Amino acid sequence: MNVLAREGIKPLYEGESYTVSQYLTLPDDGFQYEITKGKMVVVPAPLDSHQNLAGQLFYEIKRHLDSHSLGIVRIAPRDVKLSEDLKYQPDILFILKERLAINLPQYVNGAPDFVVEVLSRGTL
């Protein structure tokens with residue numbers, strides 16, 4: 001659960017319909033969102049065990065990529081725009097150096113070469 005939600009603060013945009021272009025113009029309300037079929041969905045804050053595993057995987061992947069100069073790796077939150085009505089934030093993503101043009105300042109424009117999504121028991 002997001003810290004703001006625990007304090008009784010409600011997300012401003014959850015359930016509303018937005019394109020990714022519209023989403024990018026919205027002010028930050030402190031919540032992380034994904035867009036699925038145009039609907040904004042709040043992404044809950046991860047548990048410590050999730051962050052620990054994602055951090056370990058990120059470290060190992062980054063170490064390998066850097067030592068072989070293969071590309072870049074990013075850890076959430078980093079928006080990935082797949083289409084105007086699909087925006088996700090995978091836990092870890094990798095882009096080959098030949099495709100770095102998709103790594104824009106605000107988001108990744110298209111499918112990364114590799115993504116990792118750490119699942120918890122609640123998502124199984």
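Select Thr-36 first: it stands opposite Lys-39 in E2. The model on screen is predicted.

**Stop 1: the E1–E2 pair.** Show strand E1 (32-36) and strand E2 (39-43). E1 and E2 pair in the antiparallel sense, over 5 bridges. Now pick Lys-37, in the loop between these two strands. Read off its phi: about 55 degrees, a positive value, although Lys-37 is not a glycine. Most residues other than glycine have a negative phi. Is Lys-37 buried or exposed? Lys-37 is exposed, because its relative accessible area is 71% and the cut-off for exposed is over 50%.

**Stop 2: the sheet.** Zoom out to the strands. Which order do they follow in the sheet? The 5 strands run E2-E1-E5-E4-E7. The sheet is open, and its pairing is mixed. Colour the edge strands next: they are E2 and strand E7 (108-109). Each of these pairs on one side only.

**Stop 3: the largest nonpolar core.** Select Tyr-13, Tyr-18, Val-20, Tyr-23, Phe-31, Tyr-33, Ile-35, Met-40 and Val-42. These 9 residues make up the largest nonpolar core. Helix H2 (20-23), E1 and E2 each give two or more residues to this core.

**Stop 4: Tyr-23.** Return to Tyr-23, one of the residues of the largest core. Which residues does Tyr-23 contact, leaving aside its neighbours within four places in sequence? They are Tyr-33, Ile-35, Met-40, Asp-79, Lys-87 and Gln-89. Tyr-33, Ile-35 and Met-40 also belong to the largest nonpolar core.

**Stop 5: Ser-69.** Move to the loop between helix H3 (48-68) and E3, and select Ser-69. What is the phi of Ser-69? Its phi is near 50 degrees, again positive in a residue other than glycine. Ser-69 has 45% relative accessibility, so it counts as partly exposed.

**Stop 6: the cis bond.** Follow the chain to the loop between strand E3 (71-75) and strand E4 (80-83), where Pro-77 is found. Check the peptide bond that joins Ala-76 and Pro-77. This bond is cis, with omega about 5 degrees. Most peptide bonds are trans.

Note on methods:
Residues are numbered from 1 along each chain as its sequence is written. This is a predicted model: local features need pLDDT of at least 70, side-chain atom pairs count only at pLDDT 80 or more; totals for chains, interfaces and linings use all residues. Side-chain values use heavy atoms; hydrogens and water are left out. Helices (H or I, at least four residues) and strands (E, at least two) are DSSP runs, numbered from the N terminus. Buried means under 20% relative accessible area, exposed over 50%, partly exposed in between (1.4 Å probe, protein chains only). A nonpolar core is a set of buried Ala, Val, Leu, Ile, Met, Phe, Trp, Tyr and Cys residues joined through side-chain atoms within 4.5 Å. Contact means heavy atoms within 4.5 Å. Two strands pair if DSSP finds at least two bridges between them.
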